[in-house]
Amino acid sequence: MRKILLLIICIILLISCDNIVPIANIDPYKNSSINYFSSDLTTIDKDSFTALLISDTHFGKNKAGTYFKTTEFEKYIKDNNIINDIDIVINLGDVSDNSQQEQFNSYKEWIYGLFESKNIPVINVIGNHDNRNGGVNRFLTTVSTTKSTYYCFTLSDIHFYVVDSSFRTLGRQQLNNLMTTLTNDSNSKKIVLTHIPLYGSVTNYYASFADEKERNYLLSNFSKYGVDLLLTGHKHVPESYKAYTDSFSEIVVNGFHGEDLRNGKPSFYICKYDKASSVFNIKCFSCDKDSTEFKLVSEHSYTLK
């Protein structure tokens, strides 16, 4: 009886926690001769810039208790002239709900019509909901302009690292390439963008890296090689801020849609950077379920080193 119960528990875990794979058994990148982090794909040469930050758009999602405020979001950024100030859009992952082509198409049509048609570049980080059943190729060909799901770009004097954590691990090749690039990167200001946070919680272990040693290795080396900020999503809960050191913090942002189960409210973030002061300011705007108006709910500033 005990063996049967253990088998049932294992089956439930495998069904409910997809993509939980030990780091030693996964490496989605097969071309070890290419370090995609060495590709500086996008450059905005401005002393100051404004970025719109969103995460977990989950196009195609219709789960009970989930609600969207997309129309209200569009109205707010237009009515308050925010859209005219935006230099770049960053989506921290799960642009689709389960990697279906029509979901990627719908997201692409929406994001292009709202931003790219105004020549505002969009950076899409891949999430765990974007890599299912061959979804990586659909993600790359539909919503990304890159050959890889990890790479770098530059805004003002900041180097941004887009990291693929969609399998809850980086895999050996990506991890090695990341460490090589960070070691040789003399730029003093660095921000890492990825989907999975470093830490979950006792009740939601799935919301973090699968391998504790890998997570601790990343945490140590991000601090060692001068990463100022780590921006992540995935949790669908009100944002949290973790100051690991005096100069290195992680910000886990709320999702773009609302979710009753985890009390997540539809949210977006406006990030403003001033090169003269090296201050990176982040404002969070959220909308209650029974409201049609987004409101400023929090604000944090970081001095990049």
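**Stop one: a hairpin**

Select β13 and strand β14 (residues 279-286): the two pair in the antiparallel sense over eight bridges. Strands here are DSSP runs of E with at least two residues, numbered from the N terminus, and two strands pair if DSSP finds at least two bridges between them. This is a predicted model, where local features need pLDDT of at least 70, side-chain atom pairs count only at pLDDT 80 or more, and totals for chains, interfaces and linings use all residues. Residues are numbered from 1 along each chain as its sequence is written, and side-chain values use heavy atoms, with hydrogens and water left out.

Click Cys271 next; its bridge partner in β14 is Ile282. Four residues sit between the strands of this hairpin, where Ser278 takes a positive phi near 60°.

**Stop two: the other neighbour**

Pick Leu53 and you'll find its bridge partner in β13, Tyr269.

How many of the eight residues of strand β13 are buried? Six are, so β13 (residues 267-274) is largely enclosed by the rest of the structure. Buried means under 20% relative accessible area with a 1.4 Å probe, protein chains only.

Finally, select β1 (40-44) and β5 (122-124), the elements that give two or more residues to the lining of the second largest pocket. β5 provides the largest share of that lining, three residues.

Conventions:
Buried < 20%, exposed > 50% of the residue type's maximum accessible area, 1.4 Å probe, protein only.
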